[in-house]
Amino acid sequence: LGLAVLPAVANAQRADNDYGFNQGNWEMTVAGQGQNDSSWEGTSFNLQGSVGYFFTDALEVSARQSINFSDLGPSALSGQTTAAADYHFDMGQLQPFVGANVGYIWGSQVYQPNTWTAAPEAGVKYFLNHTTFVEGRVEYDFFFQPGHNAGFSDGQFQYTLALGVKF
């Protein structure tokens, strides 16, 4: 009888130890940052969020939004809205990924204001438990703004450290 129950117990343990993603999973991430000058007269804040869906165990498509506000000099509001596709490599708790995104950068105090952008990206998600993870991501944005030295060589790196959940 014990041998007959063993496969069911093994499957239950495997499902219980399922780090990473499965087809049909959703994920949501949030990240933030703030700073001020030494006299507390100027501040800067950044908030980023994303929602993603896994079409397979490895392929995720997501929507991302960042909002930036600064009054360290002239007050400025800016942001970036992107759609991304990432391929994940299932290594248990560690989930490296590579992908690309395309989107729009808007605002008055950004490197290339009000322009379309695209970026290759790579990163890693590390699961703290079966549903919560920390994500580190780097991307290189290049711009599509005619007549403004736009292109791959005038791009910018972006770095993100976020906390996420899968559901």
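N25 is found in the loop between α1 (2-16) and β1, helices (H or I, at least four residues) and strands (E, at least two) being DSSP runs numbered from the N terminus. This is a predicted model, in which local features need pLDDT of at least 70 and side-chain atom pairs count only at pLDDT 80 or more, while totals for chains, interfaces and linings use all residues. Residues are numbered from 1 along each chain as its sequence is written, and side-chain values use heavy atoms, with hydrogens and water left out. The protein chain holds 1 helix and 8 strands, in the order α-β-β-β-β-β-β-β-β along the sequence.

**Chain-level description**

- Of the 167 residues in the protein chain, 34% are buried, a term that stands for under 20% relative accessible area, with exposed meaning over 50% and partly exposed in between (1.4 Å probe, protein chains only).
- Among contacts (heavy atoms within 4.5 Å) between residues at least 6 apart in sequence, 50% join residues at least 24 apart.

- N25 counts as buried because its relative accessibility is 14%.
- The side chain of N25 reaches the backbone nitrogen of N22 at 2.6 Å.
- Beyond its neighbours within four places in sequence, N25 is in contact with G20, G52, Y53, F54, K166 and F167.

**Pairing of β1**

- β1 and β2 pair in the antiparallel sense over 11 bridges, where pairing requires that DSSP finds at least two bridges between two strands.
- Within this pairing, W26 stands opposite Y53 in β2.
- The hairpin of β1 and β2 has 6 residues between the strands, and W40 in this hairpin takes a positive phi near 60 degrees.
- β1 also runs antiparallel to β8, to which 4 bridges join it.
- V30 has L163 as its bridge partner in β8.

**N46 in β2**

- N46 lies in strand β2 and counts as buried because its relative accessibility is 15%.
- The side chains of N46 and Q48 are joined by a polar contact of 3.3 Å; such a contact is a pair of N or O atoms within 3.5 Å, where within protein one must be able to donate a hydrogen and the other to accept it, and residues adjacent in sequence count only if both atoms are side-chain atoms.
- Not counting residues up to four places away in sequence, N46 touches A31, G32, Q33, S66, I67 and N68.

**Y126 in β6**

- Y126 belongs to strand β6 (residues 115-127) and is partly exposed because its relative accessible area is 40%.
- Y126 and G136 are 10 residues apart in sequence, and their C-alpha atoms are 8.6 Å apart in space.
- Leaving aside neighbours within four places in sequence, Y126 is in contact with Q93, L94, T132, F133 and V134.

**Cavities**

- The structure holds 2 cavities of 30 Å³ or more. On a 1 Å grid over the protein atoms alone, a cavity is a set of points where a 1.4 Å probe fits but cannot get out, a pocket is an open set with protein on both sides within 12 Å along at least five of seven lines, and lining residues have an atom within 4 Å of a point.
- The largest cavity contains about 160 Å³ of space, a volume being the space filled by probe spheres set on grid points that are joined across faces, edges and corners.
- Of the 14 residues that line the largest cavity, Q48, R64, Q65, S66 and R137 are the closest to its centre.
- The elements that give two or more residues to the lining of the largest cavity are β2, β3, β4, β7 (132-144) and β8 (156-166).
- The lining of the largest cavity has 1 nonpolar, 10 polar and 3 charged residues, where Ala, Val, Leu, Ile, Met, Phe, Trp, Tyr, Cys and Pro count as nonpolar, Asp, Glu, Lys and Arg as charged, and the others, Gly among them, as polar.
- The second largest cavity has a volume of about 40 Å³.
- The residues E27, S50, E60, S62, R64, D86, K125, E135 and R137 line the second largest cavity, with β3 giving the most, at 3 residues.
- By class, the second largest cavity is lined by no nonpolar, 2 polar and 7 charged residues.

**The second largest pocket**

- About 210 Å³ of space lies in the second largest pocket.
- Its lining comprises 13 residues, of which S44, N68, F69, S70 and S78 are the closest to the centre of the pocket.
- The elements that give two or more residues to this lining are β1 (26-36), β2 (43-54), β3 (59-70) and β4 (76-88).
- The lining of the second largest pocket has 4 nonpolar, 9 polar and no charged residues.
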